[in-house]
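Please keep the structure open while reading.

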Amino acid sequence: MDDHSDDRGGMRRDAATDSPPTRYDRASVRRPRAAQFAGAATGVGVLGIEICQSVQALDNSVPLVALKPTMVRVYLDETTVAASLRLRGELCLRQSATGPATYLAGINELKLDPADALALDDKRENLKASLNFHLPETALQAGPLIVELNRLIQIGGVDQPFTGASPVAVELIAGPPIRVRCIGLRYIDPQTGGVHVPDAIHFDYFRSYLSRAYPVPAVEWSQIVVDANFAPPFQGATAVLANAQIAAIRNSEINSGTDPRTHYYGLVDDANGQHFMRGRASGIPAGPQPDTVASGPCGIPAGFAGDQDQSYADWYGAHELGHTYGRFHPGFPPGAQDASDPAFPYANGQLSNADRKYVGYDVGDPQLGLEPKVMSGTTHHDVMTYADRQWVSAYTFEAVRQRLADEDAQFAPPVA
């Protein structure tokens with residue numbers, strides 16, 4: 001492609017945070033409480049159980065990556081209770097239908113009020129409208145997982161019977177980490193003599209976003225700062241110079257023993273908006289090609305593209321890095337971005353069509369003060385667009401997951 005650069009506007013990554021710790025009870029001999037009410041004619045209606053990573057559908061059709069942070073959401077029907085209830089929940093987890101069970105307490109309390117009923121799609125877009133559970137690492141190993149609601153615990157009362165809570169069976173797929181070498185490019189402003197270098201916060205936001213949004217169990221990360229071989233004023237081709245420098249560094253380090261699956265990315269400070277370098281990837285490979293490099297700007301958004309947190313390096317970098325994993329532009333907004341991916345399946349570059357099938361999930365990062373959040377699939381957009389409010393769609397999530405697996409198989413260093 002001739003130009004894989006970014007001139008994007010209006011993109012906002014709302015913040016996300018940690019939640020109270022879960023209780024993971026390993027007792028293996030306990031009859032599930034759900035069985036106590038199996039013959040009950042009435043009970044709290046369970047509308048669904050959703051197992052969420054970066055993006056998911058209610059039918060749990062988006063593949064799940066083993067060892068990636070995962071939330072389970074249980075949706076309840078207010079119209080099945082006669083009066084307001086305050087409830088907590090407990091899950092039963094198994095690796096097989098006949099295997100030993102373990103039990104997991106929820107992280108929140110849910111007020112179920114028949115006078116304040118929400119449609120299921122609205123519940124999915126409101127993190128406070130479900131019983132939520134954080135799966136522990138022991139439940140996230142590669143292989144099958146069966147999730148079942150085990151108890152509904154009324155605050156200040158007795159356990160409540162429930163109906164419609166069928167077990168959900170999923171498969172956790174083993175996958176490689178993403179390997180990123182991030183190189184800050186330090187330059188001197190010839191007009192002022194000022195030296196500009198990416199602050200640590202920009203590296204941190206970029207690394208965190210990849211861990212939360214990308215289909216990976218972990219980020220294998222390293223970073224350095226070197227002197228750039230270019231200086232302002234930045235032109236359209238400045239990122240080409242940056243990529244040539246990044247590629248030369250990569251070639252030298254790979255020849256010296258760096259893992260060949262490592263993707264290299266250059267980070268260029270925008271000098272408080274005075275010197276913005278439009279981002280660019282050196283190519284969009286049709287197959288595994290981890291020597292494809294990319295570079296992009298970083299800075300404090302101060303409202304740029306609707307972003308109000310401490311850095312826009314995160315979504316911008318995830319877009320450019322996406323090109324190096326073979327992802328093209330969906331073409332949104334029209335006229336602002338080339339439509340080089342005609343197979344993109346969702347209207348207007350969104351995470352979902354109007355059916356609201358898909359919802360985005362961000363587990364957050366307490367170290368950066370980012371709280372957990374859910375993202376409406378019709379108001380948020382895929383990270384490969386130039387549109388506002390970006391995250392990873394199911395389409396991009398699965399494509400990057402497959403490319404990572406292909407690169408891992410093709411370029412893994414030989415075992416000594």
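Arg86 and Glu109 form a salt bridge, with their closest N and O atoms 2.7 Å apart. A salt bridge here is a side-chain nitrogen of Lys or Arg within 4 Å of a carboxyl oxygen of Asp or Glu. Arg86 belongs to strand β6 (residues 85-94) and Glu109 to the loop between β7 (102-105) and β8 (110-112), so the pair ties together parts that are 23 residues apart in sequence. Arg86 has a relative accessible area of 41% and is partly exposed; Glu109, at 36%, is also partly exposed. Buried means under 20% relative accessible area, exposed over 50%, and partly exposed in between (1.4 Å probe, protein chains only). Helices (H or I, at least four residues) and strands (E, at least two) are DSSP runs, numbered from the N terminus.

The model is predicted: local features need pLDDT of at least 70, side-chain atom pairs count only at pLDDT 80 or more, and totals for chains, interfaces and linings use all residues. Residues are numbered from 1 along each chain as its sequence is written, and side-chain values use heavy atoms, with hydrogens and water left out.

## Buried pairs and a network

The structure holds 19 salt bridges. One of them joins the side chains of Glu50 and Arg124 (2.7 Å, N to O). This pair links distant parts of the chain, with Glu50 in strand β2 (residues 44-52) and Arg124 in helix α1 (residues 120-124), 74 residues apart. Glu50 is buried at 0% relative accessibility, and Arg124 is buried at 2%.

Asp362 and Arg212 also meet through their side chains in a salt bridge (2.7 Å, N to O). Asp362 lies in strand β19 (residues 358-362) and Arg212 in helix α2 (residues 200-213), so parts 150 residues apart in sequence are tied together. Both Asp362 and Arg212 are buried. Elsewhere, salt bridges with shared partners join Arg179, Glu220, Asp259, Arg261 and Asp408 into one network.

Asp382 lies in strand β21 (residues 381-382). Its side chain makes a polar contact with the side chain of Thr396 (2.7 Å). A polar contact is a pair of N or O atoms within 3.5 Å; within protein, one must be able to donate a hydrogen and the other to accept it, and residues adjacent in sequence count only if both atoms are side-chain atoms. Leaving aside residues up to four places away in sequence, Asp382 touches several residues, among them Pro330, Phe344, Trp391 and Thr396. Contact means heavy atoms within 4.5 Å.

## A four-stranded sheet

Four strands form an open sheet in the order β9-β5-β2-β11, with mixed pairing. β9 (131-134) and β11 (162-163) are the edge strands, each pairing on one side only. Two strands pair if DSSP finds at least two bridges between them. β2 and β11 pair in the parallel sense over two bridges, and Val44 stands opposite Phe162 in β11.

## Ser211 in helix α2

Ser211 lies in helix α2 and is partly exposed at 29% relative accessibility. Not counting residues up to four places away in sequence, Ser211 touches Lys68 and Val219. The C-alpha atoms of Ser211 and Gly364 are separated by 9.9 Å, although the two residues are 153 residues apart along the chain.
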